[in-house]
Amino acid sequence: MSPVETPTLVNGRSVAINGDGTTTLLSFLRDSLGLMGTKEGCSEGECGACTVLIDSQPVTSCIYPALAAQGRTIETIEGVHEGADLSPVQKALVATGGIQCGFCTPGFVMTLTGLLRKEPNPNADEVAESLAGNLCRCTGYSQIVEAAMSLSEPEEET
Amino acid sequence: MTLIGNSIPRTDAVEKVSGKSVYGVDVGVLGMLHGCLLRSPVPCGTIARLDTTAAISMPGVRYICTSADQPDTRAGWVLCEQHLFATECVRYEGEPIAAVVADSREQARAAVNAIDLQIEERPGVDLIAAMADDPATDLVHPEWETYQPLAGPETDHPRHRNVAAQMSSDPDDVDLIFEQADLVVEDELISHRQYQAYIEPKSAIAMFADGRYTIHTASQYPFNVRDRVAQFLGIRPSNVRVVGHTIGGGFGGKLDAALEPIAAFMAKQTGHPVRIANDRTEDLLTCPSRENAVVKIRTALDADGRMTARELLCDMDNGAYSAESIWLASLPLHLAKGVYQVGPTRVISRLHYTNTAPTGAFRGVGGTYLYAAVERHMDSIADTLGIDRRQYRLDHLLDTGDTLLNGQVLENTSTLKTAFERLDEILPWDEANKAKGPYEGLGIAGCVWLTNPMPGQATVKVNEDGTITVITSATDNGSGALAMGITQIVAEEFGVAPEEVHITSPDTDVTGYDSGSQGSRTTHIVGRAALDASHKAKEQLFEVAAGMLEANPADMRIVDGEIGVVGAPGSRVSLGEVAATATWTIGPIVAAASYTTPPVDFNPACASGLLFPTMPTPTYHAHMAAVEVDPITGQIEVQRYAVAQDVGRAINPIGVRGQIQGAVAQGIGHTIYESLQIQECRYLERSLENYRLPLAIDIPTVEFVLIEDPDSEGPYGAKGVAEPPITLVSAVIANAVSDAIGAPITKIPITPEDVLEALG
């Protein structure tokens with residue numbers, strides 16, 4: 001990496017991406033950086049358990065080439081807390097009971113974090129639509145949507 | 001403040017929402033190697049060539065194993081049929097044929113692809129072919145007569161040829177009553193498979209040292225894995241230690257062993273820890289999904305519209321090997337009447353071997369389609385008689401003292417009527433019917449469900465700092481049975497905060513037997529064991545505290561983590577002080593208890609092949625759905641969904657809500673989204689790209705009312721909660737869609753094509 005290149009940041013820490021063109025971002029995060037909170041559920045970008053934020057955009061890291069993240073800002077579940085505290089999205093999920101087995105939960109936290117950064121006051125339909133790329137088999141989604149809505153003050157109730 | 005009935009957050013919520021929980025797939029062991037399986041690419045055939053010569057010399061490859069190397073054993077949950085690897089023939093697509101162990105997963109995968117496999121393929125037997133029970137149909141297991149039940153030959157059950165289990169109940173006079181009937185109504189329901197689709201695919205790590213195996217896995221039922229590994233390897237169960245990790249969903253799909261026996265064998269053969277992990281397609285193709293089935297039902301009616309006799313015939317697809325399904329073939333007997341008064345009823349259920357992946361338990365098991373069949377039929381009868389569908393149900397509801405077809409007298413049956421009445425408070429039937437627009441429909445149904453009675457055990461340890469450890473191999477599959485239920489029960493007993501109670505991970509070396517997270521049993525059974533153990537531990541604490549406070553043990557009480565003397569507010573000592581004093585005087589405070597539901601009386605002469613004879617700790621339920629159908633696209637929208645559920649006692653209402661909401665979502669998935677079709681014995685849907693799970697936009701917020709009719713044996717009255725709310729979903733949605741389109745729905749799932757075809 002030449003010194004003028006923008007550093008790749010993972011949870012605020014500068015990292016050097018290793019791996020070839022076939023290495024996924026998920027594999028880099030888990031196997032090289034030991035960030036095990038990002039989960040692999042399907043390896044084809046369908047379930048969303050591997051969702052991380054790249055420049056604040058939710059992406060499925062299981063089908064995202066690690067090298068394509070070069071010079072970008074990556075946030076994983078390990079980086080969303082605020083100091084020793086859970087983030088607002090995390091606290092809300094705990095409070096509404098939107099967590100069961102928890103395997104999909106990091107992906108939901110990342111997607112909702114990205115959504116609320118872009119649209120701080122979504123309505124319930126917008127929340128549900130933003131979750132179209134995240135599968136949860138346990139909860140039936142309602143308590144997850146309610147968690148996001150507890151942080152939102154939409155103009156019109158839906 | 002009591003913790004019982006309190007919606008506190010689950011104790012593992014922070015860990016899970018922070019991504020810190022260690023699931024089965026997150027476990028690694030230094031020095032481990034990676035296994036990968038060669039699975040049959042075809043459903044049925046003879047292995048003509050299996051040459052590993054090229055594969056063994058591939059980079060990183062340590063070992064390759066085929067049936068030629070395997071122990072000469074047969075294993076199975078009920079009936080011992082299976083080898084580790086297919087021998088001469090393959091019986092389903094995905095059946096293990098060989099395993100490669102290599103330094104990396106990629107190297108193992110590459111070597112699997114380099115194995116030279118040739119199979120002479122034959123047409124497989126599917127459910128329709130098996131149902132004909134024609135002597136000309138190929139046998140899935142030509143050697144079926146040599147198979148032995150695990151519990152010994154004297155426990156063998158009715159089975160023949162491709163029928164792995166048959167349960168028959170044929171009371172007197174059924175045919176006579178049908179002949180004399182004023183009216184006979186007949187229906188049929190076809191139900192397809194449903195994949196559990198937990199988000200964490202299966203994996204396992206096995207180690208071998210000094211004659212013993214240690215298995216790390218995220219199993220719902222670690223003792224079952226222990227027993228299956230022992231069977232496959234031909235060793236004693238005590239030579240296998242299974243250590244459980246956080247489970248990324250199970251829903252019944254992680255009750256039996258899957259990769260563990262092969263990983264254990266490879267660990268022994270290589271001398272290294274071996275990890276095997278399914279990719280999603282392997283997982284889908286080989287998971288013991290909810291079985292497909294065909295249910296035929298007919299009822300004789302008299303001039304007053306009473307159901308004077310019934311016949312229910314159920315043909316269930318067992319897949320190539322039988323697992324738990326042999327027991328589940330008894331279920332049609334218990335559900336054939338539904339929750340209604342019906343005369344003599346003939347029930348025959350047959351579980352057929354086919355050349356498809358073995359089926360198994362999925363939340364609600366056969367209850368989902370059996371209640372769909374029975375409750376669709378109730379609508380048919382009411383419609384034929386011109387009686388309101390809800391009213392007809394209420395007029396014939398089971399009442400106190402009525403029995404199931406096994407002769408079991410149901411307790412507190414009047415709760416059924418309560419459930420229908422409370423349901424009407426949420427979604428009033430008459431008003432909703434009047435308000436219906438075009439292509440809108442309503443469905444209603446009721447059911448009885450069991451709480452799994454199988455044994456469990458818990459040990460309660462009071463630590464010297466006043467915290468409590470519960471040692472058990474019960475598993476929390478995500479339901480909150482441990483992180484809410486047992487935690488709150490034990491915390492309540494000791495008057496401590498929930499975070500002061502720690503529950504260990506499962507370890508079959510350490511704890512008594514536990515029957516796994518199935519049938520909503522954990523809070524009820526293990527909660528009761530933990531409650532009893534807590535009482536025993538408290539007795540020990542009170543003895544010691546009485547000595548410290550110079551009082552009578554009978555006068556001791558725990559309040560807010562302190563032990564005090566009744567009537568003497570100043571005379572108190574903390575739990576920790578007592579536990580520490582005890583440790584250094586009489587020894588540490590530890591108490592254990594076991595529990596299993598007492599046997600339920602029934603009539604053993606009611607049927608042959610009744611392996612799962614009763615419905616213990618019954619609960620009662622009524623559901624209602626309002627749907628709208630798009631006549632152009634055939635899409636179904638579930639507008640409202642309402643549940644009235646008997647829970648005994650809700651230990652944690654927010655947790656109970658999560659179980660109801662989640663179960664209904666899975667039921668909606670099964671009924672209108674999740675197509676798992678079998679064509680020429682192969683699944684058409686093979687990944688989460690085309691196996692369509694419900695999304696957040698598909699699922700309404702379920703409206704519910706809890707009926708708290710406490711069970712005399714359950715902890716604080718708790719009965720099973722998590723399984724029953726799925727059992728009526730297909731029934732009420734199929735009824736609602738039929739109502740919306742004015743044509744009967746006879747298949748689950750109901751696809752848009754089915755809707756358009758029914759509309760004509």
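Visitor: What makes chain A a chain of domains, and where do they run?
Guide: Chain A is divided into domain 1 (8–79) and domain 2 (88–149); bounds like these come from an automatic or database domain assignment. By the way, this is a predicted model, where local features need pLDDT of at least 70, side-chain atom pairs count only at pLDDT 80 or more, and totals for chains, interfaces and linings use all residues. Residues are numbered from 1 along each chain as its sequence is written, while chains are lettered from A and ligands numbered from 1 in the order in which they are written.

Visitor: How far apart are the C-alpha centres of the two domains of chain A, and how many residues does the contact take?
Guide: The centres lie 20 Å apart. The contact takes 15 residues from domain 1 of chain A and 13 from domain 2 of chain A, where contact means C-beta atoms, placed from the backbone, within 7 Å. β3 (51–54) and β4 (57–60) of chain A each supply at least two residues of the domain 1 side; strands here are DSSP runs of E, at least two residues, and helices are runs of H or I, at least four, numbered from the N terminus.

Visitor: How do you know whether chain B agrees with a compact globule?
Guide: The rule is 2.2 Å times the number of residues to the power 0.38, and the radius of gyration is taken over C-alpha atoms. For 760 residues that gives a value near 27 Å, and chain B has 27 Å, so the two agree. Its C-alpha atoms fill a box of roughly 80 × 70 × 50 Å along the principal axes.

Visitor: What makes a residue of chain B count as buried, and what share does?
Guide: Buried means 20 or more other C-beta atoms within 10 Å of its own, with C-beta atoms placed from the backbone (exposed is 12 or fewer, partly exposed in between). In chain B, 58% of the 760 residues are buried.

Visitor: Which helix gives the largest share of the side of chain B that touches chain A?
Guide: The contact takes 43 residues from chain B and 41 from chain A. The largest share of the chain B side, 8 residues, comes from α18(B).
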